Amino acid sequence: MADFTFWIVVGLTLGSAFMVVQSKNLLYSAYALLFSFMGVTGLYVFLWADFIAVVQVVVYVGGILILIIFGIMLTNKITSVNISHTSVQKGIGTLAVLGIATLLAYMVFSTPWIELANVEQEETTASIGRLLMMDYLLPFEAASLLLLGALIGATTLSRKED
Amino acid sequence: MDSLTNYLVVSVVLFSLGLFGVITRRNGVAVLMGVELILNSANLNFLAFARFGGMNMAGHVFALFVIVLAAAEAAVALAIIINIFNNFQTINVDEVSDLKQ
Amino acid sequence: MITGNIITDFSLLILFLPLAAFTINIIVGKRLPRQGDWVSIGAILITLVLSLSMLLNMFMNWDSDFSHEAKFTWIDLGAFKIELGFWVDNITIVMLVVVSLISSMTHIFSLEYLKGDVRYSRYYAYLGLFTFSMNGIVLANNLISLYVFWELVGVSSYLLIAHWFEKPSAAAAGKKAFLTNRVGDIGFFIGIMLMFTAIGSFNFQEVFSGVSQGLIGGSLLTLAGVGLFMGAVGKSSQFPLHIWLPDAMEGPTPVSALMHAATMVAAGVYLTVRLFPLFSSDALLIIAYVGGFTAFFAASIAITQNDIKKVLAYSTVSQLGYMILAVGVGNYIAAFFHLLTHAMFKACLFYGSGSVIHAMHHSLHELDDHKTDPQDMRNMGGFKSKMPITYWTMTIATLAISGVPFFSGFLSKDAILAGSLGFAQHYPQHFLLPVFGFGAAAITAFYMFRLIFMTFHGESKMPKVFKRIHESPRVMTFPLMLLSGLSIFIFYTLPYFNPLSDHGWFTELILAGDSVVPGNPTAHEIGEGVHHAHYTAMALSLLVAGLGIGLSYLMYIKKKLSAEAWAKKMGFMYKLSFNKYYFDENYDRFLYQPFLKLSRAVAYVDWDLYDKYFINGFGRITKWLSFLTGRIDYDGLDQSIVDGLGRSVQGFGKQLKQVQTGRLQNYMLFALVGVIIILVIQTI
């Protein structure tokens, strides 16, 4: 059952990701992205990453995706229902991407991965909190500064010149 | 399903799709979506390695930082896109070719 | 009592204050108020005060053996080491006082004499440079720094003689002085190097001890001594290099007084006095003959000169000859004594002549007369009533130079003559030396009074000019009065009062040292000879001085003897003397012209033969070859290879340019392809 669910989720993720890059309608792309994110969240759950999965939902779905949709709305006429968008250099792009995918896949299959057996599932939130407050305190603070900078920067950039 | 390779393959495919989007899409917002897919694939890798490396929490922390960065990046990138739109009346990146010699 | 360190400090200040004045004046002098003359005068007056305090200290100590040496290492190359420094003894101190005193007087005198001159500040700067270098000579404790300052004195002399270089004669005189000095300096340098090669040191004391140890001796020592003496010949204008000094009178008169009468020309004498201990007896004999001959010979020229400064110039040459003669006969303290007294009265005479010329010049200027020579004594006469101070001071100085008792010249001249007489008594074959000496003394008395009588007595030959003559201002008469005062015997015989004996502080504080050359007579032996001849010499010198003065009086005041008639009677001799024995002409004919001819011949070979055929031939061949290679280069290589390469690169660039689309996604794609290629290569 779990196996079956896993493949369903994988299919959802990759299928909607394909839609994102393929769809001619920009809004459809955005919606497909939502499903792709949800699929990835599911995969996180399969990987026992409960906290990250929640964060993924909150930040990506609740934040970034909304931001992207706002971006679409702000840069297109609201009346046009069909916000079309086309692609360029599709042929050579496909070739190059297939090439790199082949190489990566070759790498994945040819590497003898060491998988530890009998790993116990555990609650991650507490450990992440401890790590953030102890080992990774400096990057954590830096990230907060980065966010502040991004906030100010985004505001400044999108502001109309007076 | 409980195999590292499965996750890695999913990650590779997701990365390739994102890369394809970044390279081929004309619309700036769509390029941004491709970038988000790439970031997700990277996160997937982090968590997969963490899970099969004995629940190493460092991977989770890194994933968290990636998400933070992605949020910041999305905010700034959209601000830039809006700026480009204000300046060029379009967000098709191939028309914004000021880098040309 | 002043200790050694303070003496060093004083010496340093005395040396470098004038240099500081020179530096300031040469750089910013023109922009300073009063063109910076106060800087120089301030510096020289401080120098004077310092030297006088050293003199005072010498009197307080009353130590004839006083000597202080301070030195530092300049170059140390292990085997080769040069130390520079000061050597201060009583001779140095007296000389420092002379230099700074005469230099101060010159500075003051020039205030009026050079008023409004175009290069006023530069003049004062050069005076500072001269004082610096002269003090350097005086203070030097080694041959090498002595030589450096020696050349510096030559340079400043050149600069000051040619001060009015717009006048071609002044420029030529400067050049002549410099070049003539160079001739002597070559000998000087050879002498220094001979000494150094043999002894390995430049320091005076070490050289002396080296000579006494016999490190150098025989004819080599004589040669080195003659070489060193060559420097003195040049600087002190001795025969046969005397030709520059009369010409040097083209310079401003205060400069003549300072350099060409009192100090710079005395540097040669000072040098021989300093180095006396190392001259071998043969070298001393040469020195004595050169000096004696110069004394007589220059005096004989001075008789017939009409230019007031020329008379004084030849008189200076003659007096310097006296000093050199005294050194040569071993009585070198008398030479230094005469240097001291001569500096005072000769500077006074020069200032006096400057005062007269100044008055003449102004008078002629008012009359708008630019043809009359203001220095010609034939245009003067009767100035006594118009310029009393100048007259009386000059007369005192003239009495001193003529060797009249109660004046300083009598004492020093007497000592010299006694020395030469004593020498001749000891070596009868050298009887010519005292003959030269006494003969010159008689002639000196004659021509000096001739100068006084022609200038100040009798009727004026140019009444119009005479009317406008007036006494010079105080800044000019003050040095005159001071220096004529210093020509009175009392300043040299203190604390004793005996006008007929030179016994005084000078003879007690400055004692002759023994010669370090083995075999030479000691100072005591020489002194014995001098003492022995003393009274004879005094009587003889009084006689000849009286003779000269009397003859002059008869000729130019009483007119009992007609100068013209005597000139005619002596026809040939007169002409010879009037034309200075044709020295310049003969040098020109036998030295300069052949040399010029040789130069022209060499130039002909160089220009017309070598250049024309050899150089130009090469040039032509090279030109032709260049033309050929040029053709190959331009038409062959350039067209095909150079331009072709350029064209192909251009074409390739045009093609490659299209890659630059300006589309970000294209670039990204290229990067991706690059990554794939790298990964593939890695994998394989």
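One of the bridges joins C:I75 to C:I82 in β2(C).

Of the 684 residues of chain C, 49% count as buried. A buried residue has 20 or more other C-beta atoms within 10 Å of its own, an exposed one has 12 or fewer, and a partly exposed one falls in between, with C-beta atoms placed from the backbone. Among contacts in chain C between residues at least 6 apart in sequence, 79% join residues at least 24 apart. Two residues are in contact if their C-beta atoms, placed from the backbone, lie within 7 Å.

Helix α8(C), residues 218-235, gets a closer look. Since 14 of the 18 residues of α8(C) are buried, the helix is largely enclosed by the rest of the structure. Just after α8(C), C:S237 takes a positive phi of about 60°.

How far can chain C be trusted? Its pLDDT, the predictor's confidence in each residue from 0 to 100, averages 83, and 97% of the residues score at least 70. Confidence in chain C is highest in helix α4 (residues 120-139), at a mean of 89, and lowest in helix α23 (residues 563-569), at 67. Where pLDDT is low, the predicted coordinates should not be read in detail. For the complex, the predictor gives an ipTM of 0.87 and a pTM of 0.63.

Chain B has 3 helices and 0 strands, running α-α-α from the N terminus. Buried residues make up 55% of its 101 residues.

Now for the interfaces. Between chains A and B, the contact takes 68 residues from chain A and 58 residues from chain B. On the chain A side, α3(A) gives the most, with 13 residues. By class, that side has 47 nonpolar, 17 polar and 4 charged residues. Nonpolar means Ala, Val, Leu, Ile, Met, Phe, Trp, Tyr, Cys and Pro, charged means Asp, Glu, Lys and Arg, and the others, Gly among them, are polar. Between chains C and A, the contact takes 7 residues from chain C and 8 residues from chain A. The chain C side divides into 6 nonpolar, 1 polar and no charged.

Residues are numbered from 1 along each chain as its sequence is written, while chains are lettered from A and ligands numbered from 1 in the order in which they are written. In this predicted model, local features need pLDDT of at least 70 and side-chain atom pairs count only at pLDDT 80 or more, while totals for chains, interfaces and linings use all residues.

Methods:
Helix = DSSP H or I, 4+ residues; strand = E, 2+ residues; numbered from the N terminus. Pairing = 2+ DSSP bridges.
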